[in-house]
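Thanks, everyone; I would like to take a few minutes to walk through one model, beginning with a single residue and then turning to an interface between chains.

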Amino acid sequence: MLRLLTRELRLAWVERSGGAIALIFFLIVVSLFPFAVGPQPQVLARIAAGVVWVAALLACLLSLERLFQPDAEDGTLEQLVTHGLSFEAIATAKIIAHWLTTALPLLLLTPLAAILLNAPAASWGLLAAGLALGTPALSAIGGVAAALTVGLRRGGILISLLVLPLAVPTLIFGVGLLDPLAGVAALKWLAATTLVALSVSPFAAAAGLRAALE
Amino acid sequence: MHRFANPARFLRLARLIQPWTAAAMFACFGVGLYLALVASPIDYLQRDTVRIMYIHVPAAWMAMQTYAVIAVASLVSIVWRHPLADVAARAAAPIGVAFTAICLITGSLWGKPTWGTWWVWDARLTSVLVLLFIYMGYMALWSAFDDRQRAARAAAVLALVGAVNLPIIKFSVDWWNTLHQPASILRRGGPTIDPSMLKPLAVMGLAYLFFFITVLLMRMRADLAAQRLEAAAERRVMAQEVPA
């Protein structure tokens, strides 16, 4: 499983495409909002956290379609299974790899996005902490959706349809973290939501992969 | 349970039950609509608009109940690979969407005269909206695959993931709502509801339930018939391909 994870990371490094595109997409979505709602600093500061979260959520969706698809097409997935790797282990490795290659770079870019949106400097830390805690859940839910849609020609749009409703709690608690009154409660609930997502998703994604190879 | 795994036996049973559930449905709708729209008292605040409740509330009940049916059928499908469970889950989904849509639309129509707006980001409205999205994703996944077996597996997994998630979504939306909207909206009545309104509501709830059962059986029968037709067509093609 560890070898699979390093392989994934090495592949992402060599191809260097998916993650970078997601980052650029993230920044573009963030910078679209000032155009849409006006450049007033107070307005932007008010919506900054929500915008960063929604942009991160959308950016995470981008690379999901390619999470299992190439390996399913060229037979790598079957090879891995015949080598005795369980579907659950494959799913877990893929989810971790997705988080490391897509969500982690996004995290590093959040201060930049926060500056663009005139978010108060005090909120940067909370925003980044929320994303750090919440994005594993997004990768996990995304992993399930990607596994369920392996082999579909237009899987990408379907993945978005499946992931976004399920990501509502993460979004709510992630943004709630910045509320001065509810912050601590939001932190705990965000952590709980992520834990549930992480514990359920390897099995659900494995069931999806198993159905794909049957 | 596997007594009913045989589609022929199920079809026989369904054909036997369906007229009765249909009759019960029509009876309940007849009595329920009369009680709800004519015989029940008007609300002292809302006047006649309160009658929307008799359409709206049972739809909300059934929207949730139908998802529960899909989730249970999906569990049965995954654990026992029961062939009829997939048929039932697939047949139930559009009915659930219809209930959810009725719930949202009547709620919106009700909200305009009583709250003064078509839509508020109220906790219950929001979670029903998310439920609608989940239903739609579920149906989209079903129809995305050419291979029925594969579609059934994927949809069952999704339905169960959604079942785990729905309470979390419900809770998070409630939490978010109390955070953002300290009870600014006038809510309907008190916690208790007058018996004169409860009875029509209960009858309407039964009517919706019988409607669900009747349409579910109809859709399952239609689905099984369609599968048989497809299989027959495939056999015919195969027979033609065999060189004479």
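Please bear in mind throughout that this is a predicted model. Let me begin with B:T214, which, if we leave aside residues up to four places away in sequence, touches B:Q18, B:T21, B:A22 and B:M25. With one of these neighbours, B:T21, there is also a polar contact, in which the two side chains are joined at 3.1 Å. As for where B:T214 sits, its place is in helix α6 of chain B, which covers residues 195-241. Is B:T214 buried or exposed? Its relative accessibility is 4%, and because buried means under 20%, B:T214 counts as buried.

Now to the interface of chain A and chain B. The contact draws 31 residues from chain A and 28 residues from chain B, and the area buried between the two chains is about 2,300 Å², with carbon and sulfur atoms giving 81% of it. On the chain A side, the residues that lose the most area to chain B are A:L148, A:L166 and A:I172, which together make up 24% of what that side buries.

Which helices of chain A supply at least two residues each to the side that touches chain B? They are α7 (121-148), α8 (155-166), α9 (168-176) and α10 (183-213), and α10(A) gives the most, with eleven residues. Sorted by class, that side of chain A has 24 nonpolar, four polar and three charged residues.

Finally, for the specific pairings across this interface, the rule finds zero salt bridges, while it does find two residue pairs in polar contact, both at pLDDT 80 or more.

Methods: Residues are numbered from 1 along each chain as its sequence is written. Chains are lettered from A and ligands numbered from 1 in the order in which they are written. This is a predicted model: local features need pLDDT of at least 70, side-chain atom pairs count only at pLDDT 80 or more; totals for chains, interfaces and linings use all residues. Side-chain values use heavy atoms; hydrogens and water are left out. Contact means heavy atoms within 4.5 Å. Buried area is the accessible area (1.4 Å probe) that two parts lose on being put together, summed over both. A salt bridge is a side-chain nitrogen of Lys or Arg within 4 Å of a carboxyl oxygen of Asp or Glu. A polar contact is a pair of N or O atoms within 3.5 Å; within protein, one must be able to donate a hydrogen and the other to accept it, and residues adjacent in sequence count only if both atoms are side-chain atoms. Helices (H or I, at least four residues) and strands (E, at least two) are DSSP runs, numbered from the N terminus. Ala, Val, Leu, Ile, Met, Phe, Trp, Tyr, Cys and Pro count as nonpolar, Asp, Glu, Lys and Arg as charged, and the others, Gly among them, as polar. Buried means under 20% relative accessible area, exposed over 50%, partly exposed in between (1.4 Å probe, protein chains only).
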